[in-house]
Amino acid sequence: MRSNRRDLFLTAASTGLALGLAAAGRPLIALPGKEKTASDDITLMNTALALEHEAIWAYGLAGGSGLLSAKAKEVGLLFQGSHEIHRDLLADAVKRKGGAPVDAKKEYVFGVPLKDEKDVLELAFKLEVGAARVYLYVVDRFADRALSAAAARILSDEVLHATVLRSVLGREVVPTFKLIEN
């Protein structure tokens with residue numbers, strides 16, 4: 001039992017490091033080369049769930065900031081609704097796998113000033129790109145292939161959100177995901 005528990009913590013630490021690097025735009029590292037398990041799936045889902053909680057909170061903050069135009073606020077609320085659907089799907093999947101879904105924090109700190117609409121849109125863009133990178137990373141790492149399919153569908157939502165925000169920010173549309181971060 002002790003070995004299994006240690007392996008779970010090592011996997012969680014490796015996954016957290018890799019996902020943190022992904023969100024920061026740094027090269028990814030691979031999980032240890034061992035058999036994928038349901039506990040690995042729960043760790044991956046809870047990591048994604050934590051990002052969904054963060055996005056929901058950020059869009060709520062943006063919507064209530066008074067910094068957005070009516071159209072930007074409308075789109076932001078639609079994106080927030082999308083993240084709420086992702087949250088609910090992930091939380092349900094974690095429970096079905098026998099895990100406990102990670103709770104949302106009461107508050108998130110982004111470390112960037114939000115003075116105007118452009119600042120808010122830049123933050124939203126960076127969060128969406130970070131979420132897309134995480135889903136891109138985890139999509140082929142699930143032991144349960146149905147979870148991979150679900151993660152791929154969520155990935156497409158995150159890329160769509162990032163692409164819309166990229167366009168609104170006046171950046172040219174690019175043909176590859178790797179370049180969407182610019």
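**Reading the pocket lining**

Mentor: The lining of the second largest pocket has 17 nonpolar, two polar and three charged residues; here Ala, Val, Leu, Ile, Met, Phe, Trp, Tyr, Cys and Pro count as nonpolar, Asp, Glu, Lys and Arg as charged, and the others, Gly among them, as polar. This is a predicted model, where local features need pLDDT of at least 70 and side-chain atom pairs pLDDT 80 or more, while totals for chains, interfaces and linings use all residues. Residues are numbered from 1 along each chain as its sequence is written, and side-chain values use heavy atoms, leaving out hydrogens and water.

Trainee: How is a pocket found, and which residues lie nearest the centre of the second largest pocket?
Mentor: Rolling a probe the size of a water molecule over the atoms shows where empty space is left. A pocket is an open set of points on a 1 Å grid over the protein atoms alone, where a 1.4 Å probe fits, with protein on both sides within 12 Å along at least five of seven lines; lining residues have an atom within 4 Å of a point. In this case 22 residues line the pocket, and Y59, G76, L121, A124 and L165 lie nearest its centre.

Trainee: Is H83 buried or exposed?
Mentor: Buried means under 20% relative accessible area, exposed over 50%, partly exposed in between (1.4 Å probe, protein chains only). H83 has 1% relative accessibility, so H83 counts as buried.

Trainee: What does the side chain of H83 make a polar contact with?
Mentor: A polar contact is a pair of N or O atoms within 3.5 Å; within protein, one must be able to donate a hydrogen and the other to accept it, and residues adjacent in sequence count only if both atoms are side-chain atoms. For H83, the partner is the side chain of E52, at 2.6 Å.

Trainee: And what about V138?
Mentor: V138 is buried too, with a relative accessible area of 1%. Its C-alpha atom is separated by 9.8 Å from that of L155, 17 residues apart along the chain.
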